[in-house]
Amino acid sequence: MAVPTSSPLPAHRPWLGIALVLGSALAWSYGGAIQRFIGLNDGWAIVFWRCLFGGLFLLAFMLIRDGFAGTIRLFRAMGWPGLMVAAGFAAVSTCFVLAVSMTAVANVVLFMAGIPLFAALLARVVLREPITAVTWGAIGAVIIGVAIMVSASIGEGGSLLGLALAASIPVIFACMTVLTRRHPDIRMTPAASTGCFIAAGIAATQAGSFAVGAQDLALLFAFGALNLGLGMAMYVTGARMIPSALAALLGTTEMILAPVWMVLLHQEVPSGRTMIGGAIVLAALFTYLIGHSRNDPGPRVPPAS
C-alpha cells in the first residue's frame with residue numbers, strides 16, 4: 001500500500017527508516033492471507049471489525065506519540081483536504097476486503113502496484129506535472145500487464161465485480177496522492193484513523209451480524225491492528241527518514257510477498273497469465289521508481305504524521 005507523503009525535511013537515521021518501511025510492507029503483505037482464515041461470510045462484517053480495530057490502533061498510536069492534547073490538535077488541523085483523504089482511506093479499506101473476498105489476492109495487490117503510475121498520470125491532468133518518456137512507457141506497460149491479468153481472471157470465471165473493486169484501489173490512491181501534493185500539510189495518521197472509523201460506520205449499516213467467535217475475533221484484531229494499523233504507523237514513521245522514491249521501492253515488497261503468503265498458507269497459486277501480467281506491472285513499476293529516484297531531492301515528510 002503506497003501512502004502519500006509530502007514536504008521535504010533533512011534525513012535522520014536512514015537505516016531505521018528503511019527498516020520501518022520494510023516492516024510496513026511486511027505487515028501489509030499478509031492481509032489477504034489473514035482474511036482467508038476468517039470464517040465470516042459477511043464481507044461487510046469483516047470491514048467493520050478490521051477498520052474498527054485499525055482505527056483504534058492508530059488512535060492509540062497517536063495518543064502515545066503525541067499525547068492527548070497533541071492528538072486533538074492533529075485532528076483539528078486536518079481540514080477538508082484531510083477529510084477527503086480520510087474518505088479515500090475508508091474507500092480503499094472497504095474495497096480491499098470486498099475485492100479479496102471475490103478474487104485472487106494476487107490480482108488485488110498487483111493492481112495496487114500501479115498506484116505511483118496512476119498518480120503520475122492524474123498529476124499530469126490535474127496539476128500539469130510533466131511526464132517523462134520513461135513514465136509514459138511504464139504506464140503503457142502497466143496497462144498491458146493489467147489487461148493480461150484481467151483476461152486470465154475472466155477466462156477462469158473470476159468475479160468482474162471483484163476485479164472492478166481491485167482496480168478502483170489504485171485510482172482512489174492516485175486521487176489521494178494528487179490531493180496531498182496540492183495540500184502538503186495533510187496529516188496522514190489522523191486521516192487514516194478517521195478513514196477507518198468512517199469505513200467501520202458505513203459497514204455497520206450493511207453488515208448482517210457482528211457476532212464472531214473467539215478465533216475469528218483474534219484474526220480480525222490481527223487483520224485490523226497488526227496488518228492495517230501497525231503497517232500504517234511504521235510507514236508514516238519510516239517514510240519521514242528516507243527519500244519518497246526509496247520508500248515506494250521498498251513498499252513493492254508487499255506486492256511480492258502477498259502472493260507468496262497465499263501459496264504457502266492457502267495453496268492459492270496465481271495462474272500463468274496472472275504471473276506474466278504481474279511481472280510486467282512490477283517491472284514497469286521498478287523502472288519508473290528507479291528513474292524517479294534520480295531526481296528525488298531527499299525525504300518527503302508530512303510536518304506531523
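The legends below describe close-up views of a predicted model.

**View 1. Confidence along the protein chain.** The chain has a mean pLDDT of 86, and 89% of its residues reach 70 or more. Residues 6-11 are a stretch where pLDDT stays under 50. The model gives residues 6-11 19 contacts beyond four places in sequence. Over residues 299-304 pLDDT also stays under 50, and for residues 299-304 the model has 35 contacts beyond four places in sequence. Where pLDDT is low, the predicted coordinates should not be read in detail.

**View 2. The salt bridge between Glu268 and Arg36.** A search of the whole structure finds two salt bridges, and one of them joins the side chains of Glu268 and Arg36, with an N to O distance of 2.9 Å. This pair links distant parts of the chain, its members being 232 residues apart. Glu268 sits in the loop between helix H12 (253-266) and helix H13 (272-293), while Arg36 belongs to helix H2 (residues 31-37). Arg36 has a relative accessible area of 29%, so it counts as partly exposed.

**View 3. The salt bridge between Asp66 and Arg65.** Asp66 forms a salt bridge with Arg65. The closest N and O atoms of Asp66 and Arg65 are 2.8 Å apart. Asp66 is partly exposed, with a relative accessible area of 30%. Arg65 is partly exposed as well, at 35% relative accessibility.

View 4. Phe37, Val260, Leu264 and Leu265 make a nonpolar surface patch of about 370 Å². Helix H12 gives the most to the patch, with three residues. The relative accessibility of Phe37 is 44%.

**View 5. The largest nonpolar core.** The largest nonpolar core has 86 residues. Those with the most contacts inside the core are Ile38, Val85, Phe89, Phe96, Val108 and Ile169. Helix H4 (residues 79-100) gives the most to this core, with 11 residues. In soluble globular proteins, nonpolar side chains tend to be buried together.

**View 6. The surroundings of Val85.** Val85 is among the core residues with the most contacts inside the core. Its neighbours within four places in sequence are left aside in this view. Beyond them, Val85 is in contact with Met176, Leu179, Thr180, Ile186, Met188 and Ala191.

Methods:
Residues numbered from 1 in each chain as written. Predicted model: local features only at pLDDT ≥ 70, side-chain atom pairs only at ≥ 80, totals over all residues. Heavy atoms only, no water. Salt bridge = Lys/Arg side-chain N within 4 Å of Asp/Glu carboxyl O. Helix = DSSP H or I, 4+ residues; strand = E, 2+ residues; numbered from the N terminus. Buried < 20%, exposed > 50% of the residue type's maximum accessible area, 1.4 Å probe, protein only. Patch = residues over 30% accessible without salt bridge, like charges linked within 9 Å, V, L, I, M, F, W, Y side chains within 5 Å. Areas by Shrake-Rupley, 256 points an atom, 1.4 Å probe, with all protein chains shown as cover. pLDDT = per-residue confidence, 0-100. Contact = heavy atoms within 4.5 Å. Core = buried A, V, L, I, M, F, W, Y, C linked by side-chain atoms within 4.5 Å.
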